[in-house]
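Please read the numbered points with the model open beside them.

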Amino acid sequence: MTLEIVKPGLATSIQDLGRPGYFHLGIPEGGAMDRLALRAANLLVGNDEDAAGLEAVFLGPEIKFGAEMTVAVTGGEMPILLDGEPRDNWTSFNVMPGQTLSFGYLKAGARIYIAVSGGIATEPHLGSRSTYAIGALGGFDGRALAAGDVVPVGAAPLAEEGLSIPEALRRGPGKPAELRVLPGLYWHRLTEKSQAAFFDDAWTVAPEADRMGYRFRGGQPMEFVDREQPFGAGSDPSNIVDGCYSYGSIQVPGGLEPIVLHRDAVSGGGYFTLGAVISADMDLIGQLQPNAPVKFVRVDMEQALAARAERKQIIEQLRESLNQPG
Amino acid sequence: MKTRYSFGGDEHVYVEVDDEMSLDAFFISLSLSKLVREAEIPGVREICPANASFEVRFDPDVISPDAMMERIKGLEAEAQAAEKRLDTRIIEIPVYYEDPWTHETLMRFRERHQDPSGSDLDYAARINGYDSVADFIEAHHSQPWFVSMVGFVSGLPFLYQLVDRDKQLEVPKYLRPRTDTPKLTVGYGGCFSCIYSVRGAGGYQMFGITPMPIFDPEQKITYLRDFMVFFKPGDIVKWKPIDRAEYDRITKTVEDGTYTPKIAEVAFDLDAFNADMSGFNAKLMEALDDA
């Protein structure tokens, strides 16, 4: 079974839940920016939650199906058209061979997830089908999809049509988006004034926002605690001896524009980090468009773990909602 | 040197053995990260060693963050006392300094640089007190380097020069990172040299380029068939300056599949190195002559 990419959209890539285990070599976990949305799309078409689907950012692709299959589109809000006829998002529907899926303009969020019954069946690399374009790894020939690509789909029975995720479980960022941050790592490098300003200032998403990281601007330049720079760090006060970066960690080169590293994170580097966005809020970043207003909200570890448990609960509820008899 | 522990969000413990770079800090950090791995602590997902620090990713649903941090702290004394010795290899890496491709790129991002009036090498030579770029390049390649970290992207090595601290070269990173760097650029930031394994963003000053690929996801390059990443921490590197003709010749042999990196097995002992740096380095480089 296959599907054909008629138009690729802006950057449509194959993603699953990622390839952990190689970050020590600079190969990131990768996978869907909005994990919850991909899980939901897979559940709707009867797949395992970690099956590979398509992630499209800002602009939807046009896809021609080579076989009968069940499809679901989740994540950002983008009108869905099957041969020109509207379909609901977060809801399963069947397609026939030769039918074409296309999309209208993005209305909310940033990324949509398209799951098909059987899942995308390209060859896994290092245990995952996720596209890591920087390393030309995984996905379709190590790259985002292009017009004319014929993408293999796993064999699977059709799933139930009309299954839908309750609106309460469709998680997206608010306005402004609130991203919860646990201060740490090199937080002590900032003056108290800048520590407070980071959480008080109004930020917006900068145009440089992609799978590697999201850049933010609009806040005040940061001031550093005076020190003689440690040997090997470099002379700028925002420099450190190159260390590890973690998913969600927030670096501020030159003290100017914070960058939150995301799924295709670089694994290390020489800029100080002031803490990290908590694991529960990483999905939300994947749904932010450039210029979206953002507030960073300070939390402690206890609150971070409570938020993590809450997100886990949403995944449980997703599973349960689809196990109810229709 | 005092080890600092911190959380990176709810899934990471960050361990900084020292805030400044030294081979002592590297060896303690590597030993501690190995001890954490060998302890097989339930919930540990990944361990990433860096130059003088490392990070542990864990699952807080399996082990609480505080318990995770305490387990690592409990292993520190043993790591501090561990032997600072490695059986490793020395590799000769050809470098075409002042090549046209990094030059074109550095000109494109000049407004992000400390000194837009010259090249990255002009700037690095001047702030390190060298009379000429040629002298600076000579200092960069005459003594060997130690791979103290692999990461950033796709198997990129960070290299620390095996010389006394007062002879170390130091440069700041770009004021704002570039969005583009040619593949296989030999870069420099802080006291570290690096090789950009793939094309992409970067904040290091750019000195030259090597024709020798160090990452191949397709694993078609002969010496990358076993694994797609060439370097590992502890590798030793000797840069060999080459000109355009040699660069083109090596590029062709890489494409033919006939290029073999020059490699020799060596041991690195930190105490022996500290006792006689130039003598120890001379022996390392002699091993390459026989390779």
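1. Contact here means heavy atoms within 4.5 Å. The model is predicted. By that rule, 25 residues of domain 1 of chain A are in contact with 19 residues of domain 2 of chain A.

2. Of the area that domain 1 of chain A buries against domain 2 of chain A, 39% is supplied by Phe23(A), Met33(A) and Arg111(A), more than by any other three residues.

3. The interface of domain 1 of chain A and domain 2 of chain A has one salt bridge by the rule. Glu55(A) and Arg211(A) form a salt bridge, with the closest N and O atoms 2.8 Å apart. The polar contacts between domain 1 of chain A and domain 2 of chain A come to 15 residue pairs, both residues at pLDDT 80 or more.

4. Which elements of domain 1 of chain A give two or more residues to the side that touches domain 2 of chain A? They are helix H1 (35-44), strand E5 (69-77) and strand E10 (108-116) of chain A. E10(A) gives the most to this side of domain 1 of chain A, with five residues. Sorted by class, the side of domain 1 of chain A that touches domain 2 of chain A has twelve nonpolar, eight polar and five charged residues.

5. Chain B is also assigned a domain 1 (4-82) and a domain 2 (87-289). The C-alpha centres of domain 1 of chain B and domain 2 of chain B lie 28 Å apart. Ten residues from domain 1 of chain B and 15 residues from domain 2 of chain B make up the contact.

6. About 1,100 Å² is buried between domain 1 of chain B and domain 2 of chain B, 70% of it on carbon and sulfur atoms. Met21(B), Leu23(B) and Asn51(B) supply 52% of the area that domain 1 of chain B buries against domain 2 of chain B, more than any other three residues.

7. One salt bridge is found across the interface of domain 1 of chain B and domain 2 of chain B. Arg165(B) and Glu20(B) form a salt bridge whose closest N and O atoms are 3.2 Å apart. Helix H1 (residues 23-38) of chain B gives the largest share of the side of domain 1 of chain B that touches domain 2 of chain B, four residues.

8. How much area do chain A and chain B bury between them? The value is about 4,500 Å², 59% of it on carbon and sulfur atoms. Phe231(A), Asp242(A) and Cys244(A) supply 17% of the area that chain A buries against chain B, more than any other three residues.

9. Seven salt bridges are found across the interface of chain A and chain B. Asp242(A) meets Lys173(B) in a salt bridge of 3.4 Å, N to O. E15(A) gives the most to the side of chain A that touches chain B, with six residues. By class, this side of chain A divides into 30 nonpolar, 18 polar and six charged residues.

Conventions. Residues numbered from 1 in each chain as written. Chains lettered and ligands numbered in written order. Predicted model: local features only at pLDDT ≥ 70, side-chain atom pairs only at ≥ 80, totals over all residues. Heavy atoms only, no water. Buried area = accessible area lost by both parts, 1.4 Å probe. Salt bridge = Lys/Arg side-chain N within 4 Å of Asp/Glu carboxyl O. Polar contact = N/O pair within 3.5 Å; in protein donor to acceptor, adjacent residues only side chain to side chain. Nonpolar A, V, L, I, M, F, W, Y, C, P; charged D, E, K, R; others polar. Domains from an automatic or database assignment.
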